[in-house]
Amino acid sequence: MSENVKLTINGFETEVPKGTNLIEAARCVKAKVPHFCYHRDLSVAGNCRMCVVEVEGMRGLPIACNTIATEGMVVNTESDAVKENRAAIMEFLLVNHPIDCPVCDQAGECKLQNYYMEHDRRDSVVAVEDKVKKGKAIEVGPRVMLDQERCVACSRCVRFCDEVTGTGELRLLNRGDHTTIDTFPGKKLDNNYSVNTADICPVGALTSRDFRFQARSWYLEKDNSICPGCSTGCNTTLSHYKQTTLGDYNGVAYRLKPRRNPAVNKAWMCDFGRTEYVQINENRLTQPIASNIEIGWDGALGHIRNGIAPLLERGSGVVAGVASYDCTNEEIWLFKKLMKEVFHTDSIALIANREDGYSDDFLIAADKHPNRRGSMAVAKGGVVEDLASYLDGKLAVITLSADVLSDWRDEASKKAFSAIKQKICLQSNGTATSDASSVVLPATSYAEKDGTWTNKDGRVQRLTAAVRKEFSVRSEIQLMQQIAHVMGVEWELKSAMQLFAEIAASVPEFDGLDYGKIGKLGATASAAQTVSA
Amino acid sequence: MTKVLFEHRGKADIETFDGWKAAGGFSALEKALKMTPEEVIEEVKSSGLRGRGGAGFPTGVKWGFVPKGGEKPVYLCINADESEPGTCKDRVLMEELPFMCLEGALIAAYAIQAKMAFWYIRGEFDLSERRMRQAVEVLREKGLIGKNVLGSGWDIDFGVHRGAGAYVCGEETGLISSVEGKQGQPKLKPPFPALEGAFGCPTIVNNVESLAAVPWIVNHGGSKYSALGTEKSKGTKLFSVSGAVNKPGVYEVEMGYPMADLINKECGGALNGIGLKAIIPGGSSVPVMPADVAMKTNLDYESVQEAGSLLGSGGVIVIDENQSMPELLDILGRFYAHESCGQCTPCREGTGWGARILHRVHEGRGEQQDLETLDRIARFMSGTTICFLASSMSMPIQSFFKHFKHEFEALMPTIDAVAGD
Ligand SMILES: Cc1cc2nc3c(=O)[nH]c(=O)nc-3n(C[C@H](O)[C@H](O)[C@H](O)COP(=O)(O)O)c2cc1C
Ligand code: SF4
Ligand code: SF4
Ligand code: SF4
Ligand code: FES
């Protein structure tokens with residue numbers, strides 16, 4: 001147990017662990033100390049000087065980021081001297097700032113803008129022609145754009161590349177007000193985590209090229225999500241178009257940013273994962289289809305009944321069920337039940353949709369699926385190893401987000417799959433498999449559904465339905481329950497949360513967990529047990 | 001008057017090993033190596049010697065901050081970056097008395113039990129560098145640098161490093177960054193160098209003049225040194241006098257020596273008999289004093305401070321009546337704007353902004369709010385930065401305005417002129 005110290009901030013007494021700095025300590029009494037250079041997951045640089053506070057018994061105005069809370073300390077974050085100094089720092093920062101907010105992607109989520117409104121609000125006294133000129137719209141890397149004039153020289157990006165990736169591409173070059181952020185000559189900012197620099201850049205100096213001029217930040221709504229790109233499961237914030245009073249919500253996702261989770265990804269995510277929003281928008285299955293005809297939900301479900309019901313009379317085990325490591329735990333749970341209770345098949349196949357890929361010793365995992373560990377745990381007992389022989393001779397097959405026909409799959413499996421006449425496909429995006437299926441039910445992407453994924457370390461994390469699509473999609477859970485219904489099996493309708501409760505009650509990897517405990521940051525079963533014990 | 005640093009200055013071959021040896025050199029080192037490191041520190045503490053780099057921190061006390069018996073190596077950095085405008089004393093010491101400087105550094109290194117010392121020389125000091133490099137080589141040959149120095153069991157090595165021309169690398173943590181091979185930028189404190197300095201290890205940074213006094217102190221005893229000077233400012237100090245005097249140069253006087261005597265006796269009085277307007281007593285970073293005030297001041301830390309300035313590095317800049325103060329401040333502003341390392345917001349932006357305004361004011365193109373803006377810049381630039389460079393520009397602005405505001409106001413365009421457009 002770490003020791004605590006008691007201190008008083010703005011008249012409120014609070015207790016913080018020893019070693020806490022005053023920016024963090026102030027958060028405990030809901031005081032916000034404005035800061036540019038300080039970042040929780042980087043070393044302290046103390047260069048912006050925005051975070052000054054008053055501490056009784058200390059000379060001058062110490063910086064909160066580099067002042068450690070001590071027993072009995074009395075801190076004032078809002079004294080006149082502090083406010084005056086903050087305003088002065090704002091004035092200094094704006095001396096050479098281009099103030100091109102109208103064409104700056106950072107506008108709306110810019111520390112400089114926000115702090116100006118909170119702490120300065122004075123007219124500019126420096127004429128534009130007196131400002132120091134620097135480079136603009138520099139393609140500093142394949143995924144990052146640089147505007148040197150907007151840089152406030154906080155060195156966050158430099159420290160990120162030095163301390164987190166160890167790649168050291170960036171430096172603040174030159175001195176005085178000619179200090180300029182740049183890469184070493186001939187080098188590009190091209191490490192696999194480069195866009196994090198755009199996230200932590202407090203201003204619009206480093207911005208994402210992918211997001212460049214795509215949307216004004218105030219039109220975006222932000223929801224919690226999990227990156228589907230690999231088994232690490234970085235926590236993310238998904239920005240999608242905002243529901244406005246004009247009702248012009250278009251269900252378009254714009255970007256993914258890392259969401260801080262000290263147990264998983266700190267404040268970072270890889271550049272590959274950033275692109276995982278595209279699948280929410282593009283190549284979506286938008287209509288229920290049967291025999292290549294847009295047939296509507298009832299038509300499609302009827303097609304399934306008419307096609308499969310007669311087959312079931314030929315005995316059990318004639319219908320194959322194939323799911324993938326992209327499915328949620330709840331989906332796998334319900335899929336097993338569907339196959340068993342409705343289609344009389346005891347075993348399902350769990351497959352990879354993608355081959356293993358690049359990995360490193362930081363966040364990027366070789367397994368490019370978000371839920372291999374959870375799917376395997378939930379499906380335990382009924383999983384077949386050999387897909388080809390499992391499919392061989394089946395009369396119908398139901399695929400759940402499983403791309404059996406993907407390029408790299410073994411020919412035997414593909415052949416066995418293609419030989420099956422009745423192919424029912426539940427998934428969100430078009431694939432070779434959906435193209436080849438007799439019935440296609442357009443389902444939800446990971447951004448439109450509730451459920452959980454278990455990352456490679458056994459951490460169970462929540463997906464929440466954030467994006468709402470304008471076209472017709474239904475969640476896999478809903479669809480499976482509707483299939484049961486048309487097949488004449490009456491189930492009590494269950495939500496993802498209720499299904500999770502069933503999982504937790506019978507699968508040890510989920511023992512003691514519920515959605516409340518998982519919360520925004522996820523939880524592991526053993527951790528949950530310690531808490532409840 | 002007792003000379004400590006210049007006792008042997010001008011003697012034949014004093015810049016050589018033999019010359020220094022003939023003048024009694026290395027007796028202090030021999031003596032020190034027979035003492036314990038703690039005893040050496042105590043001796044220097046008792047001398048009252050204060051750092052001559054500008055801050056005036058008691059040297060022995062600083063040495064005492066190094067943790068005893070720690071596992072990490074301890075480093076000594078000798079600050080020979082001497083770049084403060086108006087200061088050229090360390091250069092004289094290194095060019096003329098290199099072995100004395102080195103002997104002092106060796107004693108310091110022994111006192112803090114350093115095994116490695118870095119001699120950090122201002123990039124422009126060509127002769128100083130050659131002298132120090134040679135001196136180190138000679139002492140290596142003679143076994144005074146190397147393993148088991150004079151049978152004491154203590155090992156020491158010296159590196160001589162020439163800076164690349166940055167004023168801010170004279171700031172102790174900027175110097176450390178530079179020694180580490182990083183950009184020459186001061187480091188955030190805490191941690192303080194005595195605990196976590198070069199390469200994360202305990203490090204002491206000392207000015208050349210501070211160390212040069214150490215052999216004398218060890219030879220004669222701390223009490224002998226503390227008998228010189230005033231109550232709180234002990235010993236002697238070098239003053240680099242430049243500007244409007246007949247004999248500019250580096251002079252050693254006892255602390256507490258009257259400024260008027262320094263100017264009139266040592267330096268032969270004002271150049272061409274022109275009246276004096278102002279004196280900056282401690283290098284360009286300290287507040288300027290009107291000449292009449294300065295001439296009544298004694299040269300010790302306390303007297304100068306009482307009179308409204310600081311002793312700093314002892315760079316005495318003498319300014320005569322014909323010198324335009326806005327011109328002088330314009331030059332200083334340009335210097336600090338050029339030398340700001342650019343880390344801290346107030347310094348990075350304030351020095352450049354201030355310099356631009358000072359320049360247009362000096363050229364008679366000042367704008368209405370300019371003097372107020374300069375006031376504000378100076379006020380908020382000081383005291384809230386990683387190192388004191390920002391304050392070093394604030395102090396001149398504030399003091400020039402305090403004493404010579406009228407000269408700036410006289411350059412401001414009149415309302416009529418502004419109304420013209
Ligand atoms: C901007 C700046 C420049 C400095 N330049 C020098 C210098 O050139 N030489 C020096 O000895 N000290 C310089 N100092 C002072 C050093 O930081 C430090 O106080 C000194 O080297 C300590 O040595 P001392 O205790 O022996 O004086 C400078 C300080 C600042 C803030
Ligand atoms: S960085 Fe911020 S203040 Fe600067 S132009 Fe962009 S939005 Fe405006
Ligand atoms: S580019 Fe952004 S993060 Fe990097 S130093 Fe400049 S303001 Fe800071
Ligand atoms: S005060 Fe100026 S010179 Fe010193 S560290 Fe800050 S920016 Fe650099
Ligand atoms: S946040 Fe403390 S100085 Fe920048």
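This is a predicted model: local features need pLDDT of at least 70, side-chain atom pairs count only at pLDDT 80 or more; totals for chains, interfaces and linings use all residues.
On the side of H9(A), the contact is formed by Asn329(A), Glu330(A), Trp333(A) and Leu334(A). H15(A) contributes Ala496(A), Leu499(A), Phe500(A), Glu502(A), Ile503(A) and Ser506(A). Sorted by class, the contact of H9(A) with H15(A) comprises six nonpolar, two polar and two charged residues.

Chain A also surrounds ligand 2. The residues around this ligand are His97(A), Ile99(A), Asp100(A), Cys101(A), Cys104(A), Ala107(A), Cys110(A), Leu112(A), Gln113(A), Arg150(A), Val203(A) and Gly204(A). Seven residues of the shell are nonpolar, three are polar and two are charged.

For ligand 4, the closest residues belong to chain B. Its surroundings consist of 13 residues, and the closest are Cys341(B), Gln343(B), Cys344(B), Cys347(B) and Cys387(B). By class, the shell around ligand 4 has nine nonpolar residues, four polar and no charged.

One of these closest residues, Cys347(B), falls within helix H16 (residues 345-362) of chain B. This helix has 18 residues and reaches 25 Å from its first C-alpha to its last, close to the 26 Å expected at 1.5 Å a residue. Because 15 of the 18 residues of H16(B) are buried, the helix is largely enclosed by the rest of the structure. Just after H16(B) comes Gly364(B), with a positive phi of about 80 degrees.

Helix H6 (residues 98-111) of chain B has 14 residues, which at 1.5 Å a residue should span 20 Å; the end C-alpha atoms are 20 Å apart, so the two values agree. H6(B) is mostly covered, with 14 of its 14 residues buried. The helix is followed by Gln113(B), whose phi is positive, near 60 degrees.

Trp20(B) is found in helix H1 (residues 17-22) of chain B, and the C-alpha atoms of Trp20(B) and Met100(B) are separated by 7.3 Å although the two residues are 80 residues apart along the chain. Trp20(B) has a relative accessible area of 5%, which is under the 20% limit, so it counts as buried. Apart from neighbours within four places in sequence, its contacts are His8(B), Asp13(B), Ile14(B), Gly25(B), Phe26(B), Leu97(B), Phe99(B), Met100(B) and Glu103(B).

Elsewhere, Leu150(B) takes a positive phi of about 50 degrees although it is not a glycine. This residue is placed in the loop between helix H7 (126-141) and strand S3 (157-162) of chain B, and at 45% relative accessibility Leu150(B) counts as partly exposed. Asn292(A) lies in the loop between strand S13 (289-290) and strand S14 (293-294) of chain A, and is exposed, with a relative accessible area of 72%.

Conventions: Residues are numbered from 1 along each chain as its sequence is written. Chains are lettered from A and ligands numbered from 1 in the order in which they are written. Side-chain values use heavy atoms; hydrogens and water are left out. Helices (H or I, at least four residues) and strands (E, at least two) are DSSP runs, numbered from the N terminus. The expected span of a helix is 1.5 Å times one less than its number of residues. Buried means under 20% relative accessible area, exposed over 50%, partly exposed in between (1.4 Å probe, protein chains only). A residue is near a molecule or strand if one of its heavy atoms lies within 4 Å of it. Ala, Val, Leu, Ile, Met, Phe, Trp, Tyr, Cys and Pro count as nonpolar, Asp, Glu, Lys and Arg as charged, and the others, Gly among them, as polar. Contact means heavy atoms within 4.5 Å.
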